[in-house]
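This report concerns helix packing and charged side-chain pairs in one protein model. Please consult the sequence and the structure while reading.

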Amino acid sequence: MSKTKGNLTVSSFDQITIHYSDRLVQITCDDALKQYLDEPGNGALALSTHILEEYKKHQASKLKISKDSLAIEILAHTYADTFSEAVSAAGDHLPAALSKAVLKLMEQVHAHTEVIDCGESAVDNNRWIWDGLAVFKKIIYAALGDRA
């Protein structure tokens, strides 16, 4: 299902909310994304392929991000978010002073992972990180199994 507002298209894929705009795709990192990645046969590579195809349809041009760079960015953000949730939940078991600092840090991590901004290098100053990690895709995908 897709809705278009100006040059922004909002689409849903398997309950995952994806925003398509000029040189940028934004993926909501929520339970829908995590559940999708946990399902056998799904993974960030399949999602990346879908996103790249949909971007081309909605924007009438190709998104200049490789499938592997996009998949690795999705995985990194999703599992950093999951990690921050797990650490936050364990905060009650830490000494008060440490708990407060850890919870503040995990809130910052969560704030940066709520929406995954996947932009071309001209609009995303972090693209080089994901492009650089794509060199290690075999190791990353092997470590994450079906989620890749």
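Predicted model: local features only at pLDDT ≥ 70, side-chain atom pairs only at ≥ 80, totals over all residues.

## Packing of helices H3 and H6

Two packed helices are described by the angle between their axes and the distance between the axes. For helix H3, residues 67-89, and helix H6, residues 137-144, the angle is about 45 degrees and the axes lie 11 Å apart. H3 is therefore oblique to H6, and their crossing is left-handed.

On the H3 side, the contact is made by Asp68, Ala71, Ile72 and Leu75. H6 contributes Lys137, Ile140, Tyr141 and Leu144. Sorted by class, the contact of H3 with H6 holds six nonpolar residues and two charged residues, with no polar residues.

## Packing of helices H1 and H3

Helix H3 also packs with helix H1, which spans residues 31-38; the two axes come within 11 Å and cross at roughly 110 degrees. This angle makes H1 roughly perpendicular to H3. The crossing of H1 and H3 is left-handed.

In this contact, H1 supplies Leu33, Lys34, Leu37 and Asp38. These residues meet Ile74, Thr78, Tyr79, Asp81, Thr82 and Glu85 of H3. By class, the contact of H1 with H3 comprises four nonpolar, two polar and four charged residues.

Side chains of opposite charge can pair when their charged atoms come close. How many salt bridges does a search of the whole structure find? The search finds five.

One of the salt bridges joins Glu54 to Lys57, with the closest N and O atoms 3.1 Å apart. Both residues belong to helix H2, residues 44-59, where they are three residues apart, about one turn of the helix. Is Glu54 buried or exposed? Glu54 has a relative accessible area of 13% and is therefore buried, since buried means under 20%. Lys57, by contrast, has a relative accessibility of 63% and counts as exposed.

Another salt bridge pairs Arg23 with Asp22, and here the closest N and O atoms are 3.6 Å apart. Arg23 is partly exposed, at a relative accessible area of 33%. Asp22 also counts as partly exposed, with a relative accessibility of 46%.

## A network of salt bridges

Which residues are linked in a network of salt bridges? The network consists of Glu73, Asp124 and Arg127. Arg127 and Asp124 are both buried.

## Asp14 in the loop between S2 and S3

Where is Asp14 found? This residue lies in the loop between strand S2, residues 8-13, and strand S3, residues 16-21. Asp14 counts as partly exposed, with a relative accessibility of 49%. Asp14 and Ala32 are 18 residues apart along the chain, and their C-alpha atoms are separated by 7.6 Å.

Conventions
Residues numbered from 1 in each chain as written. Heavy atoms only, no water. Axes fitted to C-alpha atoms, helices over the stretch in contact; angles between N-to-C directions. Helix = DSSP H or I, 4+ residues; strand = E, 2+ residues; numbered from the N terminus. Parallel < 35°, antiparallel > 145°, perpendicular 65-115°, else oblique. Left-handed = near helix turned anticlockwise from the far one by under 90°. Contact = heavy atoms within 4.5 Å. Nonpolar A, V, L, I, M, F, W, Y, C, P; charged D, E, K, R; others polar. Salt bridge = Lys/Arg side-chain N within 4 Å of Asp/Glu carboxyl O. Buried < 20%, exposed > 50% of the residue type's maximum accessible area, 1.4 Å probe, protein only.
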